[in-house]
Amino acid sequence: MKIIMLGVPGAGKGTQAKMIADKYHVPHISTGDIFRANIKNGTELGMEAKKYMDQGLLVPDELTVKILLDRVAKNDCENGYVLDGFPRTIPQAEVLDKALAEINDKIDFAINVDVPDENIIRRMGGRRACLSCGATYHVEHIPPKKEGICDACGKELVLRDDDKPETVGNRLDVYHKQTQPLIDFYNAKGILKTVDGTADMKDVFAAIVSILG
Ligand code: AP5
Ligand code: MG
């Protein structure tokens, strides 16, 4: 099963993608997590990506597409995957479709986690992320067992650099200009499914499971 998660920054794509990955035994692939891991490890790719990410801009397609295509070619992707944060532009979606068509394959579902912009700034300030394993918490809604420490791997939780209110505003603008057209793109293919992302995360997941079967 090959799934794409769509939605504004902070809609809960990562939260839901992890739950999907656990239930359906497919890898969760987040281009944002891949970039953040590279930034943390000080790689050349990380340094380049950081310039864009800190401003809330998209990392150029040339960098992003190669990383994603290399990742989905790995053995653990044989039975599918859940993509979180990719594609984010029409050209990225076209490259993915072409690569899949070459192996007689296609995306099964594009899940749009729908949350209005007004809800987002509030959510982001409360988010805490683990840069080691990619786990995500929220100080009010989904707190870790021990404050500031990741339940999954025991490392320190941080407020992401791009979660400052002024950067979140930019990310929302970029989403509406560059990523939102993907909603029509996947709708036209008949694989777009929209869920109400303002609901409790367990209810959002139940709605997704009823779509995926
Ligand atoms: P990325 O890491 O993908 O960030 P994003 O799309 O901005 O999305 P977020 O991770 O911020 O939000 P999310 O939807 O995953 O929400 P979450 O589950 O954490 O990308 C970061 C940057 O990398 C981009 O800006 C760009 O520069 C670059 N990049 C990445 N991919 C790229 C690409 N393909 N092309 C070009 N550039 C790329 O939830 C948010 C918060 O809400 C959490 O605290 C969570 O606990 C809480 N929450 C979740 N669900 C609920 C709920 N139902 N109710 C209440 N709270 C909830
Ligand atoms: Mg995310």
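The place of P87 is in the loop that lies between strand β3 (81-84) and helix α5 (90-102). The model is predicted: local features need pLDDT of at least 70, side-chain atom pairs count only at pLDDT 80 or more, and totals for chains, interfaces and linings use all residues. Residues are numbered from 1 along each chain as its sequence is written, and side-chain values use heavy atoms, with hydrogens and water left out. Helices (H or I, at least four residues) and strands (E, at least two) are DSSP runs, numbered from the N terminus.

**The surroundings of P87**

- P87 counts as buried because its relative accessibility is 2%; buried means under 20% relative accessible area, exposed over 50%, and partly exposed in between (1.4 Å probe, protein chains only).
- Neighbours within four places in sequence being left aside, P87 is in contact with I4, L6, Q92, A93, L96, L182 and Y186, where contact means heavy atoms within 4.5 Å.
- P87 and A206 are 119 residues apart along the chain, and their C-alpha atoms are separated by 24 Å.

**The parallel sheet**

- An open sheet is formed by 5 strands in the order β2-β3-β1-β4-β8, with parallel pairing; two strands pair if DSSP finds at least two bridges between them.
- The edge strands are β2 (28-30) and β8, and each of them pairs on one side only.
- On average, neighbouring strands of this sheet are turned by 25° against each other, direction ignored; axes are lines fitted to C-alpha atoms, for helices over the stretch in contact, and angles run from 0 to 180 degrees between N-to-C directions.
- Strand β1 (residues 2-6) runs parallel to β3 and is joined to β3 by 4 bridges; M5 stands opposite D84 in β3.
- Helix α2 (residues 31-40) packs on the sheet and touches β2 and β3, its direction making about 65° with that of β2.
- Helix α8 (residues 181-188) also packs on the sheet, where it touches β1, β4 and β8, and its direction makes about 145° with that of β1.

**Strand β4 within that sheet**

- Strand β4 (residues 109-114) is largely enclosed by the rest of the structure, because 5 of its 6 residues are buried.
- Between β1 and β4, which run parallel, there are 4 bridges, and M5 stands opposite I111 in β4.
- The pairing of β4 with strand β8 (residues 192-196) is parallel and extends over 5 bridges; K193 in β8 is the bridge partner of I111.

**The antiparallel sheet**

- Another open sheet has 3 strands in the order β6-β5-β7, and the pairing is antiparallel.
- β6 (136-138) and β7 (157-158) stand at the edges with a single partner strand each, so one side of each is left without a neighbour in the sheet.
- Strand β5 (residues 127-130) pairs with β7 in the antiparallel sense over 2 bridges, and the bridge partner of C130 in β7 is L157.

**The packing of α1 and α9**

- Helix α1 (residues 13-24) packs against helix α9 (residues 201-212) at an angle of about 50°, and their axes are 10 Å apart.
- This angle makes α1 oblique to α9: angles under 35 degrees count as roughly parallel, over 145 as roughly antiparallel, 65 to 115 as roughly perpendicular and the rest as oblique.
- In this contact, T15, Q16, M19, I20, K23 and Y24 of α1 meet M201, V204, F205, I208, V209 and L212 of α9.
- The residues of the contact of α1 with α9 divide into 9 nonpolar, 2 polar and 1 charged; Ala, Val, Leu, Ile, Met, Phe, Trp, Tyr, Cys and Pro count as nonpolar, Asp, Glu, Lys and Arg as charged, and the others, Gly among them, as polar.

Conventions. Chains are lettered from A and ligands numbered from 1 in the order in which they are written.
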